[in-house]
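Please look through the sequence and the model below before reading on.

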Amino acid sequence: MGHDDMTGAAARSIRSPVLDNDPFALDAMCAMISAVSKDFHVMWGTGSPAVAIEHCHNPHTRPDVPVSDPKESVGVAAAHCHSH
């Protein structure tokens, strides 16, 4: 899905998912990203690298800028997201 195909708030915002295996950190990061700027839209949040990779392969849920915990497999999944 290209930028021209999006409508509403998503068309004006940077689509950013959050990936963190700590549920408290995940919730906090989602809240902070949403509060920082109207330009950011948290698409989805997950603690599962496998789920994140599935979302990255789907053109409807593929992010513009993934945000993740850089540790272990969580960071690997975010890197995989960014490469597609």
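Predicted model: local features only at pLDDT ≥ 70, side-chain atom pairs only at ≥ 80, totals over all residues.

Residues are numbered from 1 along each chain as its sequence is written, and side-chain values use heavy atoms, with hydrogens and water left out.

The protein has four helices and three strands. Here helices (H or I, at least four residues) and strands (E, at least two) are DSSP runs, numbered from the N terminus. Read from the N terminus on, the elements follow the order α-β-α-β-α-β-α. Of the 84 residues, 32% count as buried; buried means under 20% relative accessible area, exposed over 50%, and partly exposed in between (1.4 Å probe, protein chains only). The protein exposes about 5,000 Å², and carbon and sulfur atoms supply 59% of that area. Accessible areas come from the Shrake-Rupley method with a 1.4 Å probe, and for residues only the protein chains shown count as cover. Among contacts with a separation of 6 or more, 63% are made by residues 24 or more positions apart, where contact means heavy atoms within 4.5 Å.

The three strands form an open sheet in the order β2-β1-β3, with parallel pairing. β2 and β3 (67-68) stand at the edges with a single partner strand each, so one side of each is left without a neighbour in the sheet. Two strands are taken to pair if DSSP finds at least two bridges between them. In general, strands of a sheet pair through backbone hydrogen bonds, either parallel or antiparallel. In this model, β1 and β2 (residues 40-46) pair in the parallel sense over five bridges, and two bridges join β1 to β3, also in parallel.

The bridges can be followed at two residues. V18 has G45 as its bridge partner in β2 and V67 as its partner in β3. L19 is bridged to T46 in β2 and stands opposite S68 in β3.

β1 is mostly covered, since five of its six residues are buried. I14 lies in this strand, which spans residues 14-19. I14 counts as partly exposed because its relative accessibility is 31%. With F40 and V65, I14 forms a nonpolar patch on the surface, and the three have about 200 Å² of accessible area together. Patches are made of residues with over 30% relative accessible area and no salt bridge; like charges are joined within 9 Å, and nonpolar side chains (Val, Leu, Ile, Met, Phe, Trp, Tyr) within 5 Å.

A search of the whole structure finds one salt bridge, defined as a side-chain nitrogen of Lys or Arg within 4 Å of a carboxyl oxygen of Asp or Glu. D64 forms this bridge with R15, and the closest N and O atoms are 3.0 Å apart. The pair links distant parts of the chain: D64 is in the loop between α3 (49-57) and β3, R15 is in strand β1, and 49 residues separate them. R15 counts as buried because its relative accessible area is 9%, whereas D64, at 34%, is partly exposed.

S13 is in the loop between α1 (9-12) and β1. Its relative accessibility is 10%, so S13 counts as buried.

V42 belongs to strand β2. Is V42 buried or exposed? V42 is buried, with a relative accessible area of 18%. Leaving aside neighbours within four places in sequence, V42 is in contact with S16, V18, C30, I33 and S34. V42 and V67 are 25 residues apart in sequence, and their C-alpha atoms are 9.6 Å apart in space.
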